[in-house]
Amino acid sequence: MSKASDLARLMTSGSTAVHGEAGVTSSGSTGFTTNLQQGLAKAWLNTNQASINDSLNFASVTDNGTGNYTSTFTNAMNNSSYAVSISSNMGSGNGGFNGTGSALSTASVNNYSYTDSGSFRDVNPLYYLIAGDLA
């Protein structure tokens, strides 16, 4: 197929197939498993303390005390050298939100949230985004 015919099909149907790097397998699969590709988020989480609102590849969140949470992956990471981004819609300033992802392991990530003055505080909601390699 040409790029022009692919574009015409997309415009006509409104959708198109995107094949993952796995390609076609011996069982005839078309390789739609894109979560194994590099460059895609391997986990994300929307949580209120120990309650998961929505997630991908997070099994649970443990509240270890004020402003201290451990989030456990459903599928382990390959190593502890993955990237963690944690945010909240509370913002910083006036005792708002600051957070760090630390104690990274292949099975979980620990998060500390605290005020600008350094006091631990519970923050709701928290959003996690994890990039790296799955095991």
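Helices (H or I, at least four residues) and strands (E, at least two) are DSSP runs, numbered from the N terminus. On that basis, the elements of the protein chain run α-β-β-β-β-β-β-β-β from the N terminus on. That makes one helix and eight strands.

The model is predicted: local features need pLDDT of at least 70, side-chain atom pairs count only at pLDDT 80 or more, and totals for chains, interfaces and linings use all residues. Residues are numbered from 1 along each chain as its sequence is written, and side-chain values use heavy atoms, with hydrogens and water left out.

**Surface and burial**

Accessible areas come from the Shrake-Rupley method with a 1.4 Å probe; for residues, only the protein chains shown count as cover. The protein chain has an accessible surface of about 7800 Å², and carbon and sulfur atoms hold 51% of that surface. Buried means under 20% relative accessible area, exposed over 50%, partly exposed in between (1.4 Å probe, protein chains only). Of the 135 residues in the protein chain, 24% are buried.

Contact means heavy atoms within 4.5 Å. Among contacts between residues at least 6 apart in sequence, 50% join residues at least 24 apart.

Two strands pair if DSSP finds at least two bridges between them.

β4 is mostly covered, with five of its six residues buried. β3 and β4 form a hairpin with two residues between them. G67 sits in that turn with a positive phi of about 70°. Is G67 buried or exposed? G67 counts as buried, because its relative accessibility is 0%. Leaving aside neighbours within four places in sequence, G67 is in contact with N111, Y112, S113, F120, R121 and D122. Q49 is 18 residues from G67 in sequence, and their C-alpha atoms are 8.4 Å apart.

**Nonpolar core**

A nonpolar core is a set of buried Ala, Val, Leu, Ile, Met, Phe, Trp, Tyr and Cys residues joined through side-chain atoms within 4.5 Å. The largest one has 14 residues. Those with the most contacts inside it are F58, F73, Y82, V109, L126, Y128 and I130. β1, β3, β4 and β8 each give two or more residues to this core. The largest share, three residues, comes from β8. V109 has contacts beyond its neighbours within four places in sequence, among them F58, F73, Y82 and Y128.

**Backbone exceptions**

Most residues other than glycine have a negative phi, and most peptide bonds are trans. N57 is not a glycine, yet has a positive phi of about 65°. N57 lies in the loop between β2 (51-56) and β3 (58-65), and at 9% relative accessibility N57 counts as buried. The peptide bond from N124 to P125 is cis, with omega near -10°. P125 is in the loop between β7 (108-114) and β8 (126-131).

**A nonpolar surface patch**

Like charges are joined within 9 Å, and nonpolar side chains (Val, Leu, Ile, Met, Phe, Trp, Tyr) within 5 Å. W44, L56 and L129 form a nonpolar patch on the surface, with about 260 Å² of accessible area together. W44 is in strand β1 (residues 43-48), and W44 is partly exposed at a relative accessible area of 32%.

Note on methods. Patch = residues over 30% accessible without salt bridge, like charges linked within 9 Å, V, L, I, M, F, W, Y side chains within 5 Å. Salt bridge = Lys/Arg side-chain N within 4 Å of Asp/Glu carboxyl O.
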